[in-house]
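Here are my notes on the model, as numbered points. Please read them with the structure open.

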Amino acid sequence: MFSQRNQQNTEKPAPPEEPRYYRNVAAYRSYEEVLAAKRRRGRLRRGVVVCATLAMMGGLGCYLLIQEEDQGGEEPSDLMSIAENQPEQSQSDQSPALQPQEDSSAEGEDFALTVQPKPEEERAQEYPALVVKDVTGVVKKVRPSVVGVTTESFQTYSTGSTGSGIILSGNGYIITNNHVIEGGDNVSVTLDNGETYSAALVGADAKTDIAVLKIEAQGLQAAEFGDSDQVEAGEAAVAIGNPMGLEGTVTAGIVSAINRNMMVNGVSMTLIQTDASINPGNSGGALINEYGQVIGVNSAKISVENYEGLGFAIPINQVKPVVEELIEKGYVSGRPLAGVSGRNLSAMAAAFYRLPQGVLVDQVDPNSDAALKGLAAGDILIGVDDIRVETVAQACALRDGHKAGEMMKLTFYHQATGESREINVKLMEDTNQQSGYNL
């Protein structure tokens, strides 16, 4: 057996087979031939589309072919042959649309484009026309009620922001946006007649982006406010404000849409959309209907960058209760607050540190019920009312379903022990004095 294997190993291996050559299986094509094939396929596809279009148009294709025969031309077999049989045109003939055309309304033709005169006045009333209205009367009525608002910051020694405002009452109450005066140390108001006053902040609400100022002046021309619930898409809209510090700038358009749900500072708001130009500086200014009534407070803060014709305004019916609360109490009452400041812990960071994804707690109000029951900085909030949460926005949405003074269940992961805990906390009232807490 051993010798037999040796005998097999001593046999010489068979010589390798000569390489085989397969010809005419995939013939070589030059780059020009490939391009020509692509062009042919493109022409074929276009021809199919044209044929389908003519078939949908009914007898129009047949009519065109009959006209070709009547003019003495040869009857083409298909659309591809029509294109191939066309004589080679000179450069001046390649743009027939630019050449003088014969009158298509010649006598004897079956089809001609007929131009109708303008309808008579009686008939025109049946078709309401789009008319660009003169808004000078609206502007004269409202412009004295729109002011400029300038915010200065002593920390940066510069003007923080420039915006607009609306005179609420003759004794000096003025409505503007919260983001116009936010972070400022000194606020001044310039009236339409050029007079400037130092303004005191009565109250501000970041969630609705509304603030109320007060200047020591009497006899001011207050704006007339309209019912924003009656606003309809398509009606005229005029915006007055101070973009780039250009006082009393007027822009006009229409109401593009109503009841637009937008996220503003993590809060869902229902807004009026308009194509009237609203730019930085228009913030806090007036959006007006054709009757000179203020129907919204413009907010350039929520405009979308690189898009045109997308302006948004806070409906005046939403502004009214907020303004009343700010004047009476300085804040919007009844809003719940847990007294927790936190930030989102991303899925990547949670996986890296082997932690559950949720809200990483940075700070807890020492006077809050959450602090008294053991929630501390470094903990990770993972649930509210037995519902899994991973972001601050999700936790706030569940919190806003409660009222101040109610109990809310929090589930959190305690990093020191690696255990999950559950506590029931009593919600405080958000009085804008706890500005450092977002939950």
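1. Start with the hairpin of strand 4 and strand 5. Five residues lie between the two strands, and glycine 194 takes a positive phi there, near 95 degrees. Keep in mind that this is a predicted model.

2. Next, the pairing around that hairpin. Strand 4 and strand 5 are antiparallel and share four bridges. Within that pairing, valine 189 stands opposite tyrosine 197 of strand 5. Strand 4 also pairs with strand 1, again in the antiparallel sense, over five bridges. There, valine 149 is set opposite valine 189 of strand 4.

3. Is strand 4 mostly covered or mostly open? Strand 4 spans residues 186-190, and four of its five residues are buried. That makes strand 4 mostly covered.

4. Now the cavity count. One cavity reaches 30 Å³ or more. The volume of the largest cavity is about 70 Å³. Which residues line the largest cavity? The lining consists of Arg143, Val146, Val147, Gly148, Thr190, Leu191, Asp192, Ile240, Asn242, Glu247 and Gly248. By class, that is four nonpolar, four polar and three charged residues. Strand 1, residues 146-153, gives the most to this lining, with three residues.

5. Threonine 208 sits in a loop. The loop runs between strand 5 (196-205) and strand 6 (210-214). Is threonine 208 buried or exposed? Its relative accessible area is 17%, so threonine 208 counts as buried; the cut-off for buried is under 20%. Beyond its neighbours within four places in sequence, threonine 208 is in contact with Met269, Ile314, Val322 and Arg335.

6. Alanine 236 belongs to strand 7, residues 236-241. Alanine 236 and alanine 276 are 40 residues apart in sequence, with a C-alpha to C-alpha distance of 9.4 Å.

7. Asparagine 259 has a positive phi near 55 degrees. Asparagine 259 is part of strand 8, residues 249-264. With a relative accessible area of 56%, asparagine 259 is exposed. Aspartate 385 also has a positive phi, of about 55 degrees, and is not a glycine. Aspartate 385 is in the loop between strand 16 (380-384) and strand 17 (387-388). At 28% relative accessibility, aspartate 385 is partly exposed.

8. Strand 18 covers residues 407-414. Six of its eight residues are buried, so strand 18 is largely enclosed by the rest of the structure. What pairs with strand 18 through four bridges? Strand 16 does, in the antiparallel sense. In that pairing, leucine 381 stands opposite phenylalanine 412 of strand 18.

9. Strand 18 has another antiparallel partner. This is strand 19, residues 419-426, joined to strand 18 over eight bridges. Threonine 411 has glutamate 422 of strand 19 as its bridge partner. The hairpin of strand 18 and strand 19 has four residues between the strands. In this hairpin glycine 418 takes a positive phi, near 70 degrees.

10. Last, the chain as a whole. How many helices and strands are there in the chain? The chain has eleven helices and 20 strands. Of its 439 residues, 34% are buried. The accessible surface comes to about 28200 Å², and 51% of that belongs to carbon and sulfur atoms. For contacts with a separation of 6 or more, residues 24 or more positions apart account for 59%.

Key. Residues numbered from 1 in each chain as written. Predicted model: local features only at pLDDT ≥ 70, side-chain atom pairs only at ≥ 80, totals over all residues. Heavy atoms only, no water. Buried < 20%, exposed > 50% of the residue type's maximum accessible area, 1.4 Å probe, protein only. Contact = heavy atoms within 4.5 Å. Areas by Shrake-Rupley, 256 points an atom, 1.4 Å probe, with all protein chains shown as cover. 1 Å grid on protein atoms, 1.4 Å probe; cavity = no way out; pocket = protein on both sides within 12 Å on 5 of 7 lines; lining within 4 Å. Points joined across faces, edges and corners; volume = space filled by probe spheres on them. Nonpolar A, V, L, I, M, F, W, Y, C, P; charged D, E, K, R; others polar. Pairing = 2+ DSSP bridges.
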